[in-house]
Amino acid sequence: MHRIKIVSCVIAVALLLLLLALPVVQNLMPPAGADSLGMVLVDVDTNEKAKEFLVEAQGIYVLATEENSVADEAGVRSGDQLLMVNGQPLGHASEMAHRLSQAAPDGQLQLVLLRQGAELRLSIRLAGEGTP
């Protein structure tokens with residue numbers, strides 16, 4: 001009888017911890033679209049987040065790039081601030097999925113980035129259907 005109560009308590013605690021951790025995990029997940037380019041974006045939308053990520057200004061930043069991904073090969077680097085995609089500013093990192101869906105499968109994305117105070121313009125070539 002005591003074992004059943006202990007197991008029930010352990011399960012209840014595990015479920016509670018899972019529910020508490022879910023928002024944190026969702027914040028760490030890459031926005032849809034950006035991950036298919038091989039980069040993880042993060043919204044730095046408060047001064048506290050700017051301090052946490054050691055950046056001077058609020059904005060959308062590249063948290064990481066996957067080695068040999070299209071973003072990496074185009075020259076996108078961790079710490080870059082993403083200013084524009086195809087000539088239009090992004091309000092949130094999650095908007096990257098929409099911009100990606102608007103692009104032709106074998107087209108390009110034009111990025112404007114800020115790296116160490118210098119503005120960079122990069123082009124990411126998208127892989128078409130069936131293209132490795």
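1. Basis of the note. Because the model is predicted, local features need a pLDDT of at least 70 and side-chain atom pairs count only at pLDDT 80 or more, while totals for chains, interfaces and linings use all residues. Residues are numbered from 1 along each chain as its sequence is written, and side-chain values use heavy atoms, with hydrogens and water left out.

2. Layout. The chain has four helices and six strands. Helices (H or I, at least four residues) and strands (E, at least two) are DSSP runs, numbered from the N terminus. Read from that end, the order is α-β-α-β-α-β-β-α-β-β. Of the 132 residues in the chain, 29% are buried. Here buried means under 20% relative accessible area, exposed means over 50%, and partly exposed is in between (1.4 Å probe, protein chains only). Contact means heavy atoms within 4.5 Å. Among contacts with a separation of 6 or more, 43% join residues 24 or more positions apart.

3. Strand pairing. Two strands pair if DSSP finds at least two bridges between them. Strand 1 pairs with strand 2 in the antiparallel sense over six bridges, and D43 has I60 of strand 2 as its bridge partner. Strand 2 also pairs with strand 3, again antiparallel, over two bridges.

4. The core. In soluble globular proteins, nonpolar side chains tend to be buried together. A nonpolar core is a set of buried Ala, Val, Leu, Ile, Met, Phe, Trp, Tyr and Cys residues joined through side-chain atoms within 4.5 Å. The largest one in this model has 20 residues, and V76, L82, M96, L109 and L111 touch the most other members. Two or more residues each come from strand 1, strand 2 (59-65), strand 3, helix 4 (96-102), strand 5 (108-115) and strand 6 (118-125). Strand 5 gives the largest share, three residues. Residues up to four places away in sequence aside, L111 touches V76, L82, M84, V85, M96, L120, R121, L122 and I124.

5. A buried alanine. A50 is in helix 2 (residues 47-52). It counts as buried because its relative accessible area is 5%. Beyond four places in sequence, A50 is in contact with V44, V55 and A57.

6. Salt bridges. Side chains of opposite charge can pair when their charged atoms come close. A salt bridge is a side-chain nitrogen of Lys or Arg within 4 Å of a carboxyl oxygen of Asp or Glu. The count by this rule is five. One of them joins K49 and D45, with the closest N and O atoms 3.7 Å apart. K49 is partly exposed at 28% relative accessibility, and D45 is partly exposed at 40%. Another joins D72 and R77 at 3.0 Å, N to O. D72 is buried at 18%, whereas R77 is partly exposed at 36%.

7. D80. Which residue meets the side chain of D80 in a salt bridge? The partner is R115, at 2.7 Å from N to O. This pair links distant parts of the chain, since D80 is in the loop between helix 3 and strand 3 and R115 is in strand 5, 35 residues apart. D80 is buried, with a relative accessible area of 1%, while R115 is partly exposed at 27%. A polar atom of the D80 side chain also lies 2.8 Å from the backbone nitrogen of R77.

8. D43. This residue is found in strand 1 (residues 39-44). D43 is buried yet has no salt bridge. The nearest side chain of opposite charge is K49, 6.3 Å away; Lys and Arg count as positive and Asp and Glu as negative, with His and the chain ends not counted. What does the side chain of D43 reach at 2.7 Å? It reaches the backbone nitrogen of A93. Apart from neighbours within four places in sequence, D43 is in contact with K49, G59, I60, H92 and A93.

Methods. A polar contact is a pair of N or O atoms within 3.5 Å; within protein, one must be able to donate a hydrogen and the other to accept it, and residues adjacent in sequence count only if both atoms are side-chain atoms.
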